[in-house]
Amino acid sequence: MASDQIPGIDPTAAPSGDGCVECLAGDGPGWWFHLRRCAACGHIGCCDSSPSQHGTKHAREAGHSFLTSFEPGEDWFWNIETDQYYEGPRLPPPTAHPASQPTPGPLGKVPADWEQQLH
């Protein structure tokens, strides 16, 4: 199957912002390790190593199977139902958070003991 025809991946879905929607809105500790982008709707959430794991929570609650990285230099797709990597279509830019944003982020919100808080 061509990568631009994978059900559950919308190659026109723009990202919802440049950081985890829920963390920036104050849900949870407010910081993330890495960011994930929903390949169906563009929602940006934090990764499963982050304290709040908003990316996968969004995907499960919305019934969206595919997440992709929102980190510079990464272009993989992950199916949360099959636990498999996929190649997928190019998505609308930006394809990663701004280079000025640190990892973990956002700037000023990451606790000194962040490594001990990872999953």
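Student: Hi! Which residues does Phe70 touch, leaving out those up to four places away in sequence?
Tutor: Phe70 touches Pro15, Gly17, Asp18, Leu35, Arg36, Arg37, Ile44, Pro94, Thr95, Ala96 and His97, where contact means heavy atoms within 4.5 Å. This is a predicted model, in which local features need pLDDT of at least 70 and side-chain atom pairs count only at pLDDT 80 or more, while totals for chains, interfaces and linings use all residues. Residues are numbered from 1 along each chain as its sequence is written, and side-chain values use heavy atoms, with hydrogens and water left out.

Student: Good to know. Which residues make up the largest nonpolar core?
Tutor: Seven residues do: Phe70 together with Cys20, Cys23, Trp32, Leu35, Ile44 and Cys46. A core here is a set of buried Ala, Val, Leu, Ile, Met, Phe, Trp, Tyr and Cys residues joined through side-chain atoms within 4.5 Å. Buried means under 20% relative accessible area, exposed over 50%, and partly exposed in between, with a 1.4 Å probe and protein chains only. There is also a second, separate core of six residues, including Ile6, Ile9, Phe77 and Leu91.

Student: Switching to His54: where does it sit?
Tutor: His54 is in helix α2, residues 54-62. Helices (H or I, at least four residues) and strands (E, at least two) are DSSP runs, numbered from the N terminus.

Student: Why does His54 count as buried?
Tutor: Because its relative accessibility is 4%. Leaving out residues up to four places away in sequence, His54 touches Cys20, Glu22, Cys23, Asp27, Gly45 and Cys46. Cys20, Cys23 and Cys46 also belong to the largest nonpolar core.

Student: And which residues of α2 are buried?
Tutor: His54, Gly55, Thr56, His58 and Ala59. They pack against α1 (21-24), β1 (35-38), β2 (44-46) and β3.

Student: What follows the helix α2?
Tutor: Gly63 does, with a positive phi near 75°. Ser65 is in the loop between α2 and β3 (66-69).

Student: Is Ser65 buried or exposed?
Tutor: Ser65 is buried, because its relative accessible area is 14%. Leaving out residues up to four places away in sequence, Ser65 touches Trp78, Asn79, Ile80 and Glu81.

Student: Which side chain makes a polar contact with Ser65?
Tutor: That of Glu81, at 2.9 Å. A polar contact is a pair of N or O atoms within 3.5 Å; within protein, one must be able to donate a hydrogen and the other to accept it, and residues adjacent in sequence count only if both atoms are side-chain atoms.

Student: What about Gln101, where is that found?
Tutor: In the segment after β5 (84-86). A polar atom of the Gln101 side chain lies 3.0 Å from the backbone oxygen of Asp18. Asp18 is one of the residues that Gln101 touches, along with Trp32 and Leu35, not counting residues up to four places away in sequence.

Student: Last topic, pockets! Which residues line the second largest pocket?
Tutor: Arg36, Cys47, Asp48, Ser49, Thr56, Leu67, Trp76, Trp78, Ile80 and Tyr85. On a 1 Å grid over the protein atoms alone, a pocket is an open set of points where a 1.4 Å probe fits, with protein on both sides within 12 Å along at least five of seven lines; lining residues have an atom within 4 Å of a point.

Student: And in the largest pocket, which lining residues are closest to the centre?
Tutor: Glu74, Asp75, Arg90, Leu91 and Thr95, out of the 14 residues that line it. Thr95 is also among the contacts of Phe70, and Leu91 belongs to the second core.
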